[in-house]
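This briefing sets out selected features of the model shown below.

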Amino acid sequence: MGKEPLKTVIIGSGPAGYTAAIYAARANMSPVLYTGKEPGGQLMITTDVENFPGYPDGIMGPQMMEDLKKQAERFDTEVKYELIERVDFTGPVHKLYTEAGEEIEAHTVIISTGASAKWLGLESEQRLANNGVSACAVCDGFFYRGKEVAIVGAGDSAAEEALYLSNLCPTVHMFVRRDEMRASAIMQERVKKQKNIKIYWNTETEEILGDEVVTGVRVFNNKTGEKQEIPIAGFFVAIGHTPNTQIFKDWLDMEETGYLIHEPNSTKTNVPGVFVSGDASDHVYRQAITAAGTGCMAALDAERYLGEVGII
């Protein structure tokens with residue numbers, strides 16, 4: 001006889017995954033959490049986190065993830081530093097396969113695989129990440145109060161982030177690659193009305209300037225070839241995120257962009273016993289605190305499911 005299926009497996013180790021683990025462990029669900037390739041997720045590349053409740057002096061992203069991991073382990077969560085490579089959700093017992101080829105069976109699965117920011121692909125962008133370059137204005141805009149900043153993007157998220165920054169910064173330089181924006185009409189209208197948002201059409205970034213911190217940006221007009229350098233202290237990339245959900249595409253309902261779909265007021269996916277939390281299904285808020293909240297919800301939903309099917 002093989003091993004008994006696990007009560008719950010959590011895939012991913014950001015705020016959503018660890019919060020799900022804390023709740024599941026305290027409910028005697030003996031969770032096993034697979035960290036994936038980036039243990040701690042996006043917060044591992046975030047320096048100061050100042051907007052998570054309970055940290056009056058702020059906390060470094062990696063330290064916060066370490067604290068969450070310790071809390072999950074305190075209640076006997078088993079943390080495995082491995083990647084789940086594929087899944088099989090055919091039957092009532094779900095199968096997951098690690099990169100090393102190990103097969104795991106579980107009655108419930110909580111997906112907390114997150115999303116990754118899209119970048120421009122410049123060397124200077126990676127070199128100056130967290131030293132003036134950011135992919136989240138709501139997270140980091142506060143550090144640039146009273147300073148000039150730039151933002152790249154043309155969708156609703158970029159428009160929203162530009163408006164957010166315009167309340168903090170004297171000028172927001174907005175670079176749009178084409179001669180029009182993709183954002184909805186109402187968002188475009190708001191951006192164009194905001195006097196301190198300066199839109200540069202047909203404009204692309206050639207280089208982010210600065211040795212240790214961002215001091216400026218060099219852009220070029222892709223119609224005329226004309227280049228210019230603009231002094232700035234912060235450079236925000238808002239060209240979208242890619243949810244890390246590729247391994248579920250044959251099994252779970254998802255939006256065109258890959259975000260997993262769940263039932264309203266629930267974390268249930270279209271497969272019974274499979275739940276989703278965090279940025280893998282959230283392209284609206286994308287905050288550590290909202291991810292943690294849905295991690296709690298997913299664990300509670302999984303616990304109820306296990307009760308309904310008579311496992312606990």
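In this predicted model, Phe89 and Phe248 are both buried. Their rings have centres 6.4 Å apart and planes at 10°, so the two residues form a stacked pair. Phe89 belongs to the loop between β6 (84-88) and β7 (94-98), while Phe248 belongs to the loop between β18 (241-243) and β19 (274-276), so the contact ties together parts that are 159 residues apart in sequence.

**Aromatic pairs**

- A search of the whole structure gives 6 aromatic pairs, and the pair of Phe89 and Phe248 is stacked because the angle between its planes, 10°, is under 30 degrees.
- Phe89 and Phe248 are also part of a cluster with Trp251, linked through ring pairs.
- Phe275 and Tyr305 make an edge-to-face pair, with 6.2 Å from centre to centre and 70° between the planes.
- This second pair links distant parts of the chain, since Phe275 is in strand β19 and Tyr305 is in helix α7 (residues 288-308), 30 residues apart.
- Phe275 has a relative accessible area of 1% and is therefore buried.
- Tyr305 likewise counts as buried, because its relative accessibility is 16% and the limit for burial is under 20%.

**Charged groups over rings**

- Arg86 places its charged end over the ring of Tyr97, at 3.9 Å from the ring centre.
- Arg145 places its charged end over the ring of Phe142, at 4.0 Å from the ring centre.

**The second largest pocket**

- The volume of the second largest pocket is about 410 Å³.
- The second largest pocket is lined by 17 residues, of which Leu120, Val152, Gly153, Arg177 and Ile239 are the closest to its centre.
- Strand β14 (residues 203-209) contributes the most to the lining of the second largest pocket, namely 3 residues.
- By type, the lining of the second largest pocket comprises 8 nonpolar, 4 polar and 5 charged residues.

**The parallel sheet**

- An open sheet is formed by 5 strands with parallel pairing, in the order β10-β17-β11-β12-β13.
- The edges of this sheet are β10 (133-134) and β13 (197-200), each of which pairs on one side only.
- Strand β12 (residues 172-175) runs parallel to β13 and is joined to it by 4 bridges.
- His173 stands opposite Lys198, a residue of β13.

**Positive phi values in loops**

- Asp76 has a phi near 70°, which is a positive value in a residue other than glycine.
- The position of Asp76 is the loop between α2 (61-74) and β5 (78-80).
- Asp76 counts as exposed because its relative accessibility is 63%, and exposure requires over 50%.
- Asn265 has a phi near 55°, again a positive value in a residue other than glycine.
- Asn265 is located in the loop between β18 and β19, and Phe248 is in the loop between these two strands as well.
- The relative accessible area of Asn265 is 81%, so this residue is exposed, whereas Phe248 is buried.

Methods: Residues are numbered from 1 along each chain as its sequence is written. This is a predicted model: local features need pLDDT of at least 70, side-chain atom pairs count only at pLDDT 80 or more; totals for chains, interfaces and linings use all residues. Side-chain values use heavy atoms; hydrogens and water are left out. Rings of Phe, Tyr and Trp (its six-membered ring) pair if their centres lie within 6.5 Å; planes under 30 degrees apart count as stacked, over 60 as edge-to-face and the rest as tilted. Buried means under 20% relative accessible area, exposed over 50%, partly exposed in between (1.4 Å probe, protein chains only). A charge sits over a ring if NZ of Lys or CZ of Arg is within 6 Å of the ring centre and within 35 degrees of the ring normal. On a 1 Å grid over the protein atoms alone, a cavity is a set of points where a 1.4 Å probe fits but cannot get out, and a pocket is an open set with protein on both sides within 12 Å along at least five of seven lines; lining residues have an atom within 4 Å of a point. Grid points are joined across faces, edges and corners, and a volume is the space filled by probe spheres set on the points. Ala, Val, Leu, Ile, Met, Phe, Trp, Tyr, Cys and Pro count as nonpolar, Asp, Glu, Lys and Arg as charged, and the others, Gly among them, as polar. Two strands pair if DSSP finds at least two bridges between them.
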